[in-house]
Amino acid sequence: MKKSPLQIARASYQPKLPKALQGNVVLSEGHATQSVADQEEIKNLFPNTYGMPLIQFKEGEAKSYPAVNVGVILSGGQAPGGHNVISGLFDGLKKLNPANRLYGFLGGPSGLIDHKYIELTADIIDEYRNTGGFDIIGSGRTKLEETWQFDNGITICKELGIKAIVIIGGDDSNTNACVLAEYYLQKQCGIQVIGCPKTIDGDLKNEMIETSFGFDTACKVYSELIGNIQRDANSAKKYWHFIRLMGRSASHIALECALQSQPNICIISEEVEAKNMTLNDIVNDIVKVVVARAEAGLNFGTVLIPEGLIEFIPAMKKLIAELNDMLAHNEEFNALDTDDEKRQYVKAKLTPESRTVYSDLPKGIARQLTLDRDPHGNVQVSLIETEKLLIEMVAKQLAILKGEGKYKGKFASINHFFGYEGRCAIPSNFDADYCYSLGYAASILISEGKTGYMASVRNLTAPAAEWIAGGVPITMMMNMEKRHGAMKPVIQKALVKLDGKPFQYLAAHRESWADANTSYVYPGPIQYYGPSEVCDLPTRTLLIEHGKIG
């Protein structure tokens, strides 16, 4: 395989480890835990894995461990650093006992079910150290939730002598890991299950999981692109750039990128929902900034838009829910030939409130709302070009103001969507170190016989040597939520907290970023070499949360 000079150089990078993981380790167990909510329901569903203690690793005496075979699964969307989790897991296992073996299930959870795997040897692992992507074994979105799937897993684990499975994934994947751990304990089949927190969206976080891996790298990639666009805008002085950023359920990416680049406008979905804002309210807020900057002779700017915005606008959320119900297995609708016929059919079936919202939408966006649903029957939010919707509505409002003599500027726009550009980037030093530590921590949890835990590394704004590694019971993060009409146990998704320090920092500075004194910051590309304060820097979200930025 042909490699770039950077790939060759990064292969030799040795990720930093917390001091407690650099030598021999002992476990320090804390008090019994309980779920974040719905304690009785979660306890009844997970009687074998509920209430387990928090675990912290500390330096200790040398200890011998019996050999163990371990399986690893990459689950869900890609995130920078996944290969380093596997590298840390491999190195940790080999240090604990050189006879330990690691198997990778191919194509995600389906590899466990369909018995597709490879043994991960040193030669393979060494090709993927400090690289982006999930291509070492591939990923997939198959959900582990059926008894026959669990039993298929038992069959292949017995065949390969696997005593533990590590699932690297987001909140849904780690929920599946918890269900799997509980089932295998009930069956007394001797298979442990450990999770690792992955998602660029940043919505798998709590007091014990300070950030999910991949978030740092992805936000640095996006922020570099935003900074480049802002420099161009400040040079050409003639374009408004509307930039949609990945993150369906939470606005952590948009917020972090705003903290890094200081755009003129950053919309936060959670704020929109809390304030019960309409689409027109959002448009009017943008228009005010555009008009104010035009009065100062600045006909340019940047607007950051979270991918999931549409579903956080209360009236739009209601409309989408109605459309999901209406269009599920609707042969009558599918038989219509033209977009206009479909539009009229939908309008006739909607409630008056939703009909008004739907009628006010540009035809292109209204059509996107009625396109093919996802496997769960829901609208595919990522396919809705929210940035184009806002551009069209802002332009229309500005035209009205121009006709009234209230706006004399020029509005030219360019739209962008940043998503896949960041998911498989070469991981930053932070993510390379953090992921390696997570994998290493998972190897210790396995060797100590633990199951139903997620690897945890905290104190992440300190130098890596001072990070605190351990494990957190997955049940501790769970609550009950309605999914597809039934109440299900799931890991509680972390949305942007409006009373949290990162959002409050944005709120305190947004007016100055919007005004005529353009305050753009140009973060530049990820730095792998140089001063530690540059190349090992964590996200601004973490720095603000830990009081490192005032």
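Predicted model: local features only at pLDDT ≥ 70, side-chain atom pairs only at ≥ 80, totals over all residues.
Two packed helices are described by the angle between their axes and the distance between the axes. For helix α11 (residues 279-295) and helix α18 (residues 386-403), the axes approach within 9 Å and cross at roughly 60°. This angle makes α11 oblique to α18, and the crossing is right-handed. On the α11 side, the contact is formed by L279, N280, I282, V283, N284, I286, V287, V290 and V291; α18 contributes L389, L390, M393, V394, Q397, L398 and L401. Classified by residue type, the contact of α11 with α18 comprises 13 nonpolar and three polar residues, with no charged residues.

A further packing involves helix α8 (residues 215-236) and α9, whose axes come within 9 Å and cross at roughly 50°. The two helices α8 and α9 are therefore oblique to each other, and their crossing is right-handed. Residues F215, C219, K220, Y222, S223, I226 and Q230 of α8 meet H252, I253, E256, C257, Q260 and S261 of α9. The contact of α8 with α9 divides into six nonpolar, five polar and two charged residues.

Helix α9 (252-261) also takes part in the lining of the second largest pocket, to which α9, α21 (501-514) and α23 (540-545) each supply at least two residues. The volume of this pocket is about 590 Å³. Its lining consists of 25 residues, of which K205, N206, E207, A494 and K497 lie nearest the pocket centre. By class, the lining of the second largest pocket contains twelve nonpolar, six polar and seven charged residues.

Note on methods: Residues numbered from 1 in each chain as written. Heavy atoms only, no water. Axes fitted to C-alpha atoms, helices over the stretch in contact; angles between N-to-C directions. Helix = DSSP H or I, 4+ residues; strand = E, 2+ residues; numbered from the N terminus. Parallel < 35°, antiparallel > 145°, perpendicular 65-115°, else oblique. Left-handed = near helix turned anticlockwise from the far one by under 90°. Contact = heavy atoms within 4.5 Å. Nonpolar A, V, L, I, M, F, W, Y, C, P; charged D, E, K, R; others polar. 1 Å grid on protein atoms, 1.4 Å probe; cavity = no way out; pocket = protein on both sides within 12 Å on 5 of 7 lines; lining within 4 Å. Points joined across faces, edges and corners; volume = space filled by probe spheres on them.
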